[in-house]
Amino acid sequence: MSARDVVLVDAGGTNIGSVRYALERLGVDARISGDAGRIRRASHVILPGVGAAGPGMARLHKAGLVDLIRGLEQPVLGVCLGMQLLFDHSEEGDTACLGVIPGQVRRIESDPQHRVPHMGWNALRRVREDRLLDAIPGPAFVYFVHSYAVPEGESTVASVDYGSPLSAIVRHRNFCGMQFHPERSASVGALLLKNFLCP
Amino acid sequence: MLTRRIIPCLDVRDGKVVKGVRFRDLVVVGDIVDLALRYRDEGADELVFYDITASPEGRSVDRDWVERVARAIDVPFCVAGGIRDVESARRILHAGADKISVNSPALERPELVNELAAAFGVQCVVVGIDSLLEADGEWRVRQYSGDPDKMRALPRRTLDWVVEVQQRGAGEIVLNCMDTDGVRSGYDQDQLHAVRALCAVPLVASGGAGTLEHFRAAFVELDVDGALAASVFHSGAIRIPELKTFLAANGVEIRP
């Protein structure tokens, strides 16, 4: 695991430290970088992110990283907002996103049983086989904090039920995403990060 | 199914975890990282750290222990205490906290809630409310409750404040019922019931947990999303594994 050259894309996401510490606990010393050349050389790229879609995309544009991320061919993992930014478009602030995974990010529909934000530990439901899910026990609980989500669709590997089925883990080509926070999802989260980094 | 959260609260003063009764007579109960790890291992779903000295002294929490906690634990945690602007919040979040909670500074300047929500998204922004029943039968908020000499009673009604902070961008509300805090007689049912009716975002009950049954009642009868407690966990009177077993046996969805 220590031979991996993992780069965390630095575009102002506030959970970047937490993701780095989670990788440290796995014995991976990840670099934090906003430099295009450095990101392109990485074996694995992680796009963390907390906050709103509009400012998130604005930061990537400002850092000149939009086309770079679109063109990456190594494994890429978007976490939370970072996952949402991989899709075509977000309803949050009517934001055009990176468009490397087909699909739309929508506001979670709120009702008295389903408060928004969707906040807390919820169970993953396996939708299709994927090596990201290797050795993940059932039921596996992970920690969510979000108000927007991608409905279950073509790219969904695992979903979460919150009123309707929402994408929890996605994969399209070399691009993966986790809507929850693996860095804050105890041993299940650690295993999911490990699976992303394993060949 | 979204599970209900068990949240040990660690009151921090001068870098150590402390606890008193009704916010007074504080004694040191342990080291921050040691306790955080213990609760993580026992199955705590989330941790809250309140720097109870920060607000009255007009300073923000120092970042050093936040980073140590973030490195050590792999469950979410929230930091409260003296966060009075976007920059001080950013420092705490960059140090690795998942959420920031504002209380007294939001009462000083309610726009703070809007500014934090705009900068970080509502999911990061928790509003803590210290509330007390007054002689006229209204619940009203308290400011600077971390220091008995500086605590102030405000004219603001708790229920009005609950509505206002949601409009301003609170993603979660922690209601600390001061009448029951630290005395282990159960969560304040009347007040939590009234607040729940007005609270469309996640609501965390705080103040008064003494028995396993108190937690069950909070989840099942008051429909709170999380239950926060300190003294019963610090003293070992309630162990989180036995609490979770009890709740699961009584029909509460919890993370095993």
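**View 1. Strand E1 (residues 6-9) of chain A pairs with strand E3 (residues 44-47) of chain A in the parallel sense over three bridges.** Strands (E, at least two residues) and helices (H or I, at least four) are DSSP runs numbered from the N terminus, and two strands pair if DSSP finds at least two bridges between them. A:Leu8 has A:Ile46 in E3(A) as its bridge partner. The model is predicted: local features need pLDDT of at least 70, side-chain atom pairs count only at pLDDT 80 or more, and totals for chains, interfaces and linings use all residues. Residues are numbered from 1 along each chain as its sequence is written, while chains are lettered from A and ligands numbered from 1 in the order in which they are written.

**View 2. E3(A) also pairs with strand E4 (residues 76-79) of chain A, in the parallel sense over three bridges.** Opposite A:Ile46 stands A:Leu77 in E4(A).

**View 3. The residues A:His44, A:Val45, A:Ile46 and A:Leu47 of E3(A) are all buried.** A residue is buried if 20 or more other C-beta atoms, placed from the backbone, lie within 10 Å of its own. A:His44 and A:Ile46 point one way, A:Val45 and A:Leu47 the other. In a regular strand the side chains alternate between the two faces of the sheet.

**View 4. Helix H3 (residues 86-94) of chain B packs against helix H5 (residues 111-120) of chain B at an angle of about 45°, with the axes 10 Å apart.** Axes are lines fitted to C-alpha atoms over the stretch in contact, and angles run from 0 to 180 degrees between N-to-C directions.

Definitions and conventions:
Buried ≥ 20, exposed ≤ 12 C-beta atoms within 10 Å, placed from the backbone.
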